[in-house]
Amino acid sequence: MKTTTVWKGGSAYESTQPNGAKIAINATAGFSPKALLLSGLAGCTGIDIVDILEKMRVPFDSLEIEAEADQTESHPRVFTGIHIIYRIGTDPENREKVVKAIELSLEKYCGVAAMLRKNSDIRYTLKLVKPEA
């Protein structure tokens, strides 16, 4: 894995992957590096969950992932705890399978969670929302 990050002035940077994908980083007017880390966690676990649920043939029509981190008061302000809220549009009878998918992602498949867990407790809440008709 490789990225190239270029300073654009002030606190603005642009990071590029070899495939050409780009993302802006800006501590004051955009995604900060730590917000990108939380987004990376949400994206990593989300990709896993969708893949697992599709393999389990669990029908769902939406997935929203909210991640929030507690940080130390002193510098470097590192994450000490992370709480993830998963909102998924599926029927209540699928709850057990969704829990299994979340736990497989957080405990086995998501590399971002594995790295963050070395310093931060990761907890989650699952909220089932009514599927769209």
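I will start with Tyr124, which is partly exposed because its relative accessibility is 26%; buried means under 20% relative accessible area, exposed over 50%, and partly exposed in between, with a 1.4 Å probe and protein chains only. Before going on, a word on the source: this is a predicted model, where local features need pLDDT of at least 70, side-chain atom pairs count only at pLDDT 80 or more, and totals for chains, interfaces and linings use all residues. Residues are numbered from 1 along each chain as its sequence is written, and side-chain values use heavy atoms, with hydrogens and water left out.

What does Tyr124 pair with? Its partner is Tyr86: the ring centres are 6.0 Å apart and the planes at 75 degrees, so this is an edge-to-face pair. For rings of Phe, Tyr and Trp (its six-membered ring), a pair needs centres within 6.5 Å; planes under 30 degrees apart are stacked, over 60 edge-to-face, the rest tilted. Tyr86 sits in strand 5 (residues 79-89) and Tyr124 in strand 6 (residues 121-129), 38 residues apart. Strands (E, at least two residues) and helices (H or I, at least four) are DSSP runs, numbered from the N terminus. Tyr86 is buried, at 1% relative accessible area. A search of the whole structure gives one aromatic pair.

Next, the cysteines. The whole structure has one disulfide, that is, a pair of cysteine sulfur atoms within 2.5 Å. Cys44 and Cys110 form it, with their sulfur atoms 2.4 Å apart.
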